[in-house]
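Welcome, and thank you for opening the viewer. Keep the selection tool at hand, and we will walk from stop to stop together.

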Amino acid sequence: MSAFKPLPDLPPPANTVGPIGWARSNLFNGPVNSVLTLFALYLMYLALDWFITWGLINADWFGESREACTSGGACWVFVTARITQFTYGFYPEDLIWRVDIVFALFAACLIWLMVDRSPAKGWVAAFTLFLFPFIAYFLLRGDAFGLESVDTHKWGGLMLTLIIAVVGIVASLPIGILLALGRRSDMPFIRSVCIVYIEFWRGVPLITVLFMASVMLPLFMSEGVEFDKLARAMIGVVMFQSAYMAEVVRGGLQAIPKGQYEAAQALGLSYWKMMGLIILPQALKLMIPGIVNTFIALFKDTSLVLIIGLFDLLAIVQSALNDPKWLGYSVEGYLFVGFVFWAFCFGMSRYSMRLERKLNTGHR
Amino acid sequence: MNATNSAEDRPVIIRLNGVNKWYGSFHVLKDINLNVLKGERIVVCGPSGSGKSTMIRCINRLEEHQKGDIIVNDIPLTNDIKNIDIVRREVGMVFQHFNLFPHLTVLENCTLAPVWVRKMPKKEAEEIAMQYLERVKIPQQALKYPGQLSGGQQQRVAIARSLCMNPEVMLFDEPTSALDPEMIKEVLDVMIELAESGMTMICVTHEMGFAKTVANRVIFMDQGQIVEENEPNEFFHNPQNERTQLFLSQILQH
């Protein structure tokens, strides 16, 4: 009897691996694609060349007024001179340190939670979710602990954008999960309530929701009852987005095989333990792209609050463009707004991709 | 096996009394009567669609029966969630497709239910889990994820996971049907070892060799009914019912 002897493994042909192999198979795998690749490279060169000359080399960066813009390129002075207003809106300048503390604290918590090896993640997460909102509220709003009161109509700019977006994101995910579970529930009453809620809020445009919240709602309330406009807008955003979130979550729940439910039940786990320990961790992992997609859409949708007279980043830059002293710099203004929105959205997108890779345990 | 001699003094652990079940208007289980004694090893076989899986899934209420009584360990299975939870704690189940939790390591799969359902301290649960993983001969895989294991290894983990709850009864729903031929033996070996340790087992399987080796009783089902039941020697060599003879001639031909 002859013994089985496997052949040795040989390295692959040299031009199929590495950067050359990649370029051959992706960019130059045929005459048409080669021409298209070269054409695209040329277009990219044109665009970048224009932007770098106009926006970086020939640009003016600092100054007090438009007189500082002399070199004919982009006038970033418009942005830098007003950066405080773009960031904090009409927040009293001597109290801006309070906003800075909130930003710094939030950033510190986020970084702590994102770094893989940081200790005591549970406590930091609990702090961020349960304690931080109160700290942030009292610091920003004041009117307690001897802090001077700052009314919410003075909030604006990037600060307002971030507040609405973060509140929207943090609140809509858990509400969305509960709605999705409710929609899949066996109990007819709960199921109907969730379906009606989701279908109603998904069916109306966000602008309508915000408009109703700011114009219609006060009409129904009795004289003298004031309900903060920003709070109304935030509730509107949360209700609207949680309906979207619910459908994303439902999609993820349906992707979990029945066997996972059965195995959890067979081990004696109760409904909530089964959901919390087995189903949702897997479903949420599958749903990361969908969830982050919704987050990004929400982040950009916050600029719709300008319709009810709140000055988010976009609105405040727009109003600055109407300032007679700065007429004619709308390209710079919109590029700046676009860049800030893009930077946050891109950050979320990259983080979600990292999270997906980290959580991938060789599924099934 | 000397099981038949001592059968009379052992308590009945599972009692199915006139159990009926319908899927919509389709009558899947027709008047099932079955008593399982403590320590008994029962193999259920029959053609596909005969209701064998449905029957054992009724025993831990993964399926609901509509008529008749199922009593497990003196606890009747009704809509009472509390009873269902108690029964599920005492009845382990192994599935055809393993159904391990892919987001947890092998060890976490095994400790999850003891920690969250039995409220066992994590340390103790891990020690017990390692004992059972050793018993199914894969302690060295404890920190891997199920996706990194072969089918046979996954199924052995699934058996260990059930055993960690220290159940009174183990249900096996075609545990080797989804496995490559090379891996069937390693799973059957574990099951035989388990049977020899005195566990009460109900196995839906087509492994007739396994039935001959360990079963006290073989049950043949067709069209939702128990057609024939007997001890394995009689069952295989002297089947009484025509339907059983046909089934056996088909599966034992090769």
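A residue here is called buried under 20% relative accessible area, exposed over 50%, and partly exposed in between (1.4 Å probe, protein chains only). The model is predicted, so to speak of a local feature pLDDT must be at least 70, and side-chain atom pairs count only at pLDDT 80 or more, while totals for chains, interfaces and linings use all residues. Residues are numbered from 1 along each chain as its sequence is written, chains are lettered from A and ligands numbered from 1 in the order in which they are written, and side-chain values use heavy atoms, with hydrogens and water left out.

**Stop one: a salt bridge within a helix**

Select Lys258(A) and Glu262(A). Their side chains meet in a salt bridge (3.3 Å, N to O), a term for a side-chain nitrogen of Lys or Arg within 4 Å of a carboxyl oxygen of Asp or Glu. Both residues belong to helix H11 (residues 258-266) of chain A, four residues apart, about one turn of the helix. Helices (H or I, at least four residues) and strands (E, at least two) are DSSP runs, numbered from the N terminus. Lys258(A) is exposed, because its relative accessible area is 58%; Glu262(A), at 11%, counts as buried.

**Stop two: across to chain B**

**Stop three: one side of a helix**

Now show helix H10 of chain B, residues 242-252, where Thr244(B), Phe247(B) and Leu248(B) are buried. Why do they lie on the same side of H10(B)? They cover an arc of only 95 degrees around the axis, taken from the directions from the helix axis to the C-beta atoms. The buried residues of H10(B) pack against strands E3 (41-45), E9 (217-222) and E10 (225-230) and helix H9 (232-237) of chain B. At the N-terminal end, Asn241(B) caps H10(B), with a side-chain oxygen 2.8 Å from the backbone nitrogen of Arg243(B).

Is Asp222(B) buried or exposed? Asp222(B) is buried, since its relative accessible area is 11%. Next, click Gln223(B), in the loop between E9 and E10 of chain B. Gln223(B) has a positive phi of about 50 degrees although it is not a glycine, and with a relative accessible area of 54% it is exposed.

**Stop five: another helix pair**

Select Lys185(B) and Asp189(B), whose side chains meet in a salt bridge (2.9 Å, N to O). Both sit in helix H7 (residues 181-196) of chain B, four residues apart, about one turn of the helix. Lys185(B) is exposed, at 55% relative accessible area, whereas Asp189(B), at 33%, counts as partly exposed.

**Last stop: a linked group**

Finish in chain A by selecting Arg183(A), Glu199(A), Arg202(A), Glu247(A) and Arg250(A), which are linked in a network of salt bridges. Over all chains, a search of the whole structure finds 21 salt bridges.

Note on methods: Contact means heavy atoms within 4.5 Å. A polar contact is a pair of N or O atoms within 3.5 Å; within protein, one must be able to donate a hydrogen and the other to accept it, and residues adjacent in sequence count only if both atoms are side-chain atoms.
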